[in-house]
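Subject: Structure for you to look at

Hello,

Here is the structure you were going to look at. Please open it alongside this email, as the notes below refer to it by chain and residue number.

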Amino acid sequence: MSLATLLLLADGRLPSGGHAHSSGLEAQVSAGRVRSVEDLDGFLRGKLATGALVSAAFAAAACGDVARCADLDAGLDARTPSPALRRASRAQGRALLRAGRAMWPVAAIGREPHQPVALGALAAAAGLSPAETAVAAAHGAITGPAGAAVRLLGLDPYAVHALLARLAPECDRIAELAAKRSGDPVDDLPAAGAPLLDIGAEHHATWEVRLFAS
Amino acid sequence: MRAEARVAAESDGRGGTRLTTLRGQSPLLLRRTGPRASAGVTVHLVGGAAGPLRGDELRLEIEVGPGARLELLSVAAQLALPGRPAPASRLTITATVAAGGTLRWLPEPLIAAAGCDHVAITRVTVETGGSLLWRDDLVCGRHGEDSGDFVADTLVRYGGSTLYRHELAVGPRAAGWSGPAILGGARAVGTVVTAGPESMVPGAAGPDAAVMPLAGPGMLATATGADIRHVRAALDPFCAGHPTARRPGAPVAA
């Protein structure tokens with residue numbers, strides 16, 4: 001493994017378009033459910049238990065066996081009832097794949113895979129392990145909306161990063177759990193859903209003016 | 001307590017449906033209800049005992065054959081209770097719907113009382129050309145009470161592929177469940193999954209609800225609310241309008 005390679009893959013400055021997405025936070029800010037760092041804490045803990053766990057397991061599974069990518073992609077479709085979230089995930093997968101192809105010899109896995117599948121394929125090409133991939137996925141699932149929170153709410157960036165530091169052990173735990181289950185059949189992989197994120201994404205997609213794509 | 005119940009419906013060959021199996025054990029008792037003359041058969045689930053309580057292992061099997069129409073309702077809400085120290089109570093529902101068959105599952109809500117530890121495992125397999133409407137409503141705790149631990153683990157397959165795979169965990173052990181990513185301040189949540197012929201209109205269905213076309217041939221309507229009345233107001237219209245609700249001679253719901 002290469003620690004520097006893992007850091008490259010997890011870096012928010014990777015030109016993969018992730019900064020354009022709030023992972024559902026913008027809709028919840030607008031609904032008045034997230035106003036403070038404390039609210040963001042609740043949002044991110046929920047995200048870790050649901051979307052981050054699913055993303056990390058699917059990214060680790062794709063990294064472990066790139067030949068499973070098509071099945072994993074269908075598995076994410078079945079776990080993503082919101083068409084707006086499916087579009088957002090595929091747009092991010094496509095952008096990530098484009099960046100990744102410039103960096104490593106990434107396997108051919110289709111043009112617009114779900115983001116976790118693309119992440120797993122990149123990680124495999126970069127020589128990373130499923131466990132490392134799971135950490136990158138879980139980390140990205142909370143740092144993305146945390147950054148969006150600073151922009152949407154003008155929260156104190158120091159306080160937001162202090163929150164991320166407090167969540168780091170839980171992020172590691174979720175990644176470990178995800179990697180442990182990544183060899184399971186697709187139907188048995190984590191499927192934890194978040195009703196408000198599905199509902200919020202559908203409403204958000206109809207807004208005429210918004211800061212983030214999702 | 002361990003209990004098993006099974007209902008199997010098949011076409012009677014004359015445009016109607018007959019039950020070939022209808023048996024249950026307390027607390028899963030099944031009773032045929034509704035008019036004999038209709039094309040479909042209605043069965044009510046009757047709670048024959050309190051619970052589910054911790055340690056309970058309950059199984060319900062539903063089989064709908066080609067051309068048969070079955071609607072399953074329940075007479076009262078299911079109340080998951082703590083009971084003695086024991087492993088989580090578990091209700092496993094396995095349903096199959098053959099081509100041309102229709103199944104409507106429209107039970108009263110599950111209430112996760114404080115201290116309960118309950119898991120509901122749902123596995124539904126619909127053949128191509130079968131029709132499904134599957135409703136699940138959840139209330140997190142009785143009035144003024146915290147929620148108990150509850151996990152819904154749902155898998156719906158249609159035409160040999162997984163159409164909908166979802167888990168929802170609430171209660172003290174579920175991190176962030178009452179936070180703004182999962183349920184926010186809501187204490188009730190409901191879902192309607194349809195597979196096959198559809199009638200739901202995609203889009204927003206109120207501020208805390210949405211109707212979503214799935215990636216495969218089906219739809220999901222989800223609603224959250226401060227109490228079950230909000231959820232019912234958002235979801236009931238979708239249940240009334242589904243094609244499986246229509247019976248020959250009966251007016252088609254708007």
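This is a predicted model: local features need pLDDT of at least 70, side-chain atom pairs count only at pLDDT 80 or more; totals for chains, interfaces and linings use all residues.

In chain A, helix H3 (residues 37-64) and helix H7 (residues 130-153) have axes that come within 7 Å of each other and cross at roughly 145°. The crossing of H3(A) and H7(A) is right-handed. Where H3(A) meets H7(A), the contact residues are 19 nonpolar, four polar and one charged.

The largest nonpolar core has 145 residues, and Ala56(A) and Ala138(A) have the most contacts inside it. H3(A) supplies the largest share of this core, with 16 residues. Leaving aside residues up to four places away in sequence, Ala138(A) touches Leu48(A), Ala52(A), Ala56(A), Cys171(A), Ile174(A), Ala175(A) and Ala178(A).

Chain B: an open sheet

Chain B has an open sheet of seven strands with mixed pairing, in the order E2-E1-E5-E8-E11-E13-E14. Its edge strands are E2 (17-23) and E14 of chain B, each of which pairs on one side only. On average, neighbouring strands in this sheet are turned by 10° against each other, direction ignored. One of the pairs is E5 (residues 57-64) with E8 (residues 89-97) of chain B, which is parallel and has eight bridges. In that pair, Val64(B) stands opposite Val97(B) of E8(B).

Chain B: an enclosed strand

Strand E15 (residues 188-195) of chain B is largely enclosed by the rest of the structure, because eight of its eight residues are buried. In a regular strand, side chains alternate between the two faces of the sheet. Both faces of E15(B) are covered: one side has Ala188(B), Gly190(B), Val192(B) and Thr194(B), the other has Val189(B), Thr191(B), Val193(B) and Ala195(B), and all are buried.

E15(B) runs antiparallel to strand E12 (residues 131-139) of chain B, and eight bridges join them. Here Leu138(B) has Val189(B) of E15(B) as its bridge partner. E15(B) also pairs with E18(B), in the antiparallel sense and over eight bridges; Val193(B) stands opposite Leu220(B) of E18(B).

Where the chains meet

In the contact between the chains, 32 residues of chain B meet 35 residues of chain A. On the chain B side, the elements that give two or more residues are strands E14 (161-170), E17 (209-213) and E18 (218-225). E14(B) gives the most, with nine residues. By class, this side of chain B has 21 nonpolar, eight polar and three charged residues.

Regards

Terms used. Residues are numbered from 1 along each chain as its sequence is written. Chains are lettered from A and ligands numbered from 1 in the order in which they are written. Two residues are in contact if their C-beta atoms, placed from the backbone, lie within 7 Å. Helices (H or I, at least four residues) and strands (E, at least two) are DSSP runs, numbered from the N terminus. Ala, Val, Leu, Ile, Met, Phe, Trp, Tyr, Cys and Pro count as nonpolar, Asp, Glu, Lys and Arg as charged, and the others, Gly among them, as polar. Axes are lines fitted to C-alpha atoms, for helices over the stretch in contact, and angles run from 0 to 180 degrees between N-to-C directions. A crossing is left-handed if the near helix is turned anticlockwise from the far one by less than a right angle, and right-handed if clockwise. Two strands pair if DSSP finds at least two bridges between them. A nonpolar core is a set of buried Ala, Val, Leu, Ile, Met, Phe, Trp, Tyr and Cys residues joined through C-beta atoms within 7 Å. A residue is buried if 20 or more other C-beta atoms lie within 10 Å of its own, exposed if 12 or fewer, and partly exposed in between; C-beta atoms are placed from the backbone.
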